[in-house]
Amino acid sequence: MLYFIGAGAGDPELLTVKGKKIIDSSDIIIYTGSLVNKELFTDIKEGAKLINSASLNLDEVLEIIFDSNSKGLNIARVHTGDPSMYGAVREQMAALDKAGIEYEVIPGVSSVFAGAAAIKREFTLPGVTQTLILTRMAGRTPVPESEDIENLAKIQASMAIFLSIASIDKLVKKLMTSYPKETPAAVVYKASWPEQKIIISTLENIADKVKEANINKTAIIYVGRFLADEFELSKLYDKRFSHEFREAKDAWR
């Protein structure tokens, strides 16, 4: 059986219990060596084969999977974060579907959420925004024109931007076509890793601070008023608000 496993953002303790059980019992473990924390593999079974896919192309990865599957071996294909976010898994799944090979996907903790935990913020705040945009700048991988940063910025929702830290100057210019220059912004480098770095500033100044910190890869950029401290209280715990499990109380008692 083949499993696609989200390894989480970096901290090995953020791996799901199910993911760890599968990794530890697999015969073949194919992992993204440039991003996945190798501490995840300290408890694998004796004789398990670890294969770093960083230097392999898609055809070479699939060849290993097909060969291992034909031998009845259990395979863990370990991706950083959650496989559904910039995981390059769909192309593997398409090949597996065509070959009639069964597989299962085990979700993981995306760096976007590990970063939010690091800066202790909530993306969806009453009276501020109820929408989170996950996106990236166009690079070698293009972005549909309708999803250009300038278009998305018009909404002024909470935004988390992947794979774009090397283009921070260009990104900021695009964002400031709609977001005010004083909009809070943050960068989290290697969220949940021991070498994690956090920068919190404004959209106007974030690029300079990123350069001062010499951050040019492996970072998430956050933009939006969710980073500030002004918001309404949630109705969920408001004593004047009734719901299925609680009756409202008089505010003056």
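Author: Two rings of Phe, Tyr or Trp (its six-membered ring) count as a pair if their centres lie within 6.5 Å. Keep in mind that this is a predicted model.

Reader: Thanks! Which residues do ring pairs link into a cluster?

Author: That cluster is made of Phe113, Phe123, Tyr222 and Phe226.

Reader: And how many aromatic pairs does the rule give?

Author: The count is 6. Take Phe4 and Tyr103: their ring centres are 5.7 Å apart and the planes meet at 85 degrees, so this pair is edge-to-face. Phe4 belongs to strand β1 (residues 2-6) and Tyr103 to strand β5 (residues 103-106), so the pair ties together parts 99 residues apart in sequence.

Reader: Nice. Is Phe4 buried or exposed?

Author: Phe4 is buried, at 0% relative accessibility.

Reader: Switching to charges, what lies over the face of Trp193?

Author: Lys190 does, at 3.9 Å from the ring centre. There's also Lys197, whose charged end sits over the ring of Tyr189, 5.9 Å from the centre.

Reader: Okay, new topic: where is Ser164?

Author: Ser164 is in the loop that runs between β7 (158-162) and α6 (168-175). The residue is buried, with a relative accessible area of 1%.

Reader: What does Ser164 touch?

Author: Leaving aside residues up to four places away in sequence, Ser164 touches Arg136, Met137, Leu171 and Ile221.

Reader: Last one: which residues does UniProt give for the domain?

Author: The unreviewed UniProt entry puts "domain: Tetrapyrrole methylase" at residues 1-206. Over that stretch the chain is 27% helix and 21% strand, with the end C-alpha atoms 46 Å apart.

Key:
Residues are numbered from 1 along each chain as its sequence is written. This is a predicted model: local features need pLDDT of at least 70, side-chain atom pairs count only at pLDDT 80 or more; totals for chains, interfaces and linings use all residues. Side-chain values use heavy atoms; hydrogens and water are left out. UniProt positions are given in the numbering used here, feature names are shortened, and annotations may be inferred rather than shown by experiment. Helices (H or I, at least four residues) and strands (E, at least two) are DSSP runs, numbered from the N terminus. Buried means under 20% relative accessible area, exposed over 50%, partly exposed in between (1.4 Å probe, protein chains only). Contact means heavy atoms within 4.5 Å. Rings of Phe, Tyr and Trp (its six-membered ring) pair if their centres lie within 6.5 Å; planes under 30 degrees apart count as stacked, over 60 as edge-to-face and the rest as tilted. A charge sits over a ring if NZ of Lys or CZ of Arg is within 6 Å of the ring centre and within 35 degrees of the ring normal.
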